[in-house]
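Hi,

Here is the model I promised to pass on. Have a look at it first, and my notes follow below.

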Amino acid sequence: MKLEGDWRRDGIVVARELFSAAELAEIESQVGKLLSGESGLPGHELVYEPGSSPPRLRNAFRLHQYSSFFHDLARRPALTGVMRELLGSPLRLYSSQMFLKPGLVGTEVPWHQDMPYWPFAPAELATAWIALDDTTIENGCVRFLKGSHTLGELPHEPSGVTGNSLRLAASAVPAACAEEAIQVTKGSVVIHHCLTVHRSD
């Protein structure tokens with residue numbers, strides 16, 4: 001699998017179409033159970049879009065702790081092989097989650113780094129997200145500030161956004177880093193460093 005991007009320079013790489021159509025169908029089936037309330041996740045792990053009627057799920061946290069499917073998904077060789085190439089060994093799974101952008105009601109995610117949410121040092125974590133739909137400018141794809149991971153942990157403040165409680169302080173947004181909107185086809189995996197600044201519309 002050829003990765004697109006320079007991990008050390010940009011703090012972000014893309015593995016296009018890492019998951020097959022059959023694997024995606026399996027994942028989508030499990031996501032369907034989550035959306036229908038059949039997953040067994042407790043209510044405190046679920047966040048809904050504010051004011052959506054009927055309620056539309058926005059976030060689901062710690063999936064691997066409640067579902068053997070998601071536990072095993074995080075350990076599939078295609079995914080762990082990519083992560084090992086970037087991070088080395090041994091690998092450890094910290095968390096798993098699902099972010100949804102329900103049509104017409106999905107809210108923004110403000111500029112932030114992941115590290116301020118996580119009680120770890122040093123900053124040696126990475127996030128790998130699997131696109132279950134094609135991501136485009138129009139449907140709120142994730143945007144990254146390339147190279148921002150080299151700046152260290154930046155100041156954050158409360159965001160007021162349900163499901164994303166922190167945002168980068170306005171004075172801390174690094175103007176020198178180029179913004180890139182990452183558009184990928186479903187089944188692709190985007191990996192970013194825990195200090196890479198990102199957002200979505």
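This is a predicted model: local features need pLDDT of at least 70, side-chain atom pairs count only at pLDDT 80 or more; totals for chains, interfaces and linings use all residues.

How many aromatic pairs does the structure hold? There are 4 aromatic pairs, where rings of Phe, Tyr and Trp (its six-membered ring) pair if their centres lie within 6.5 Å, with planes under 30 degrees apart counted as stacked, over 60 as edge-to-face and the rest as tilted. One of them is edge-to-face because the rings of Phe-61 and Phe-99 have planes at 85°, with their centres 6.4 Å apart. That pair ties together distant parts of the chain, with Phe-61 in strand β3 and Phe-99 in strand β4 (residues 97-99), 38 residues apart. Helices (H or I, at least four residues) and strands (E, at least two) are DSSP runs, numbered from the N terminus.

Residues are numbered from 1 along each chain as its sequence is written, and side-chain values use heavy atoms, with hydrogens and water left out.

The cut-offs here are under 20% relative accessible area for buried, over 50% for exposed, and partly exposed in between (1.4 Å probe, protein chains only).

Phe-69 and Phe-70 make an edge-to-face aromatic pair too, 5.2 Å centre to centre and with 85° between the planes. Phe-69 is buried, with a relative accessible area of 12%, and Phe-70 is buried at 11%. Phe-70 sits in helix α3. What does Phe-70 touch, leaving aside its neighbours within four places in sequence? It is in contact (heavy atoms within 4.5 Å) with Gln-30, Val-31, Leu-63 and His-64. C-alpha to C-alpha, Phe-70 is also 8.5 Å from Ile-27, although the two are 43 residues apart in sequence.

Tyr-94, Trp-118 and Phe-120 come together as one aromatic cluster. Arg-199 lies over the face of Trp-111, 5.0 Å from the ring centre; a charge sits over a ring if NZ of Lys or CZ of Arg is within 6 Å of the ring centre and within 35 degrees of the ring normal.

Now the backbone. Which peptide bonds are cis? The bond from Ser-53 to Pro-54 is cis, with omega near 0°, and a cis bond joins Ala-121 and Pro-122, where omega is about 0°. Pro-54 is in the loop between β2 (46-48) and β3 (57-61), and Pro-122 is in the loop between β5 (109-112) and β6 (126-130).

Finally, some positive phi values. Glu-17 is not a glycine, yet its phi is positive, about 50°. You will find Glu-17 in the loop between β1 (12-15) and α2 (21-35), and it is exposed, with a relative accessible area of 52%. Arg-62, not a glycine either, has a positive phi of about 55°. The loop between β3 and α3 (68-73) holds Arg-62, which counts as partly exposed at 32% relative accessibility.

Cheers
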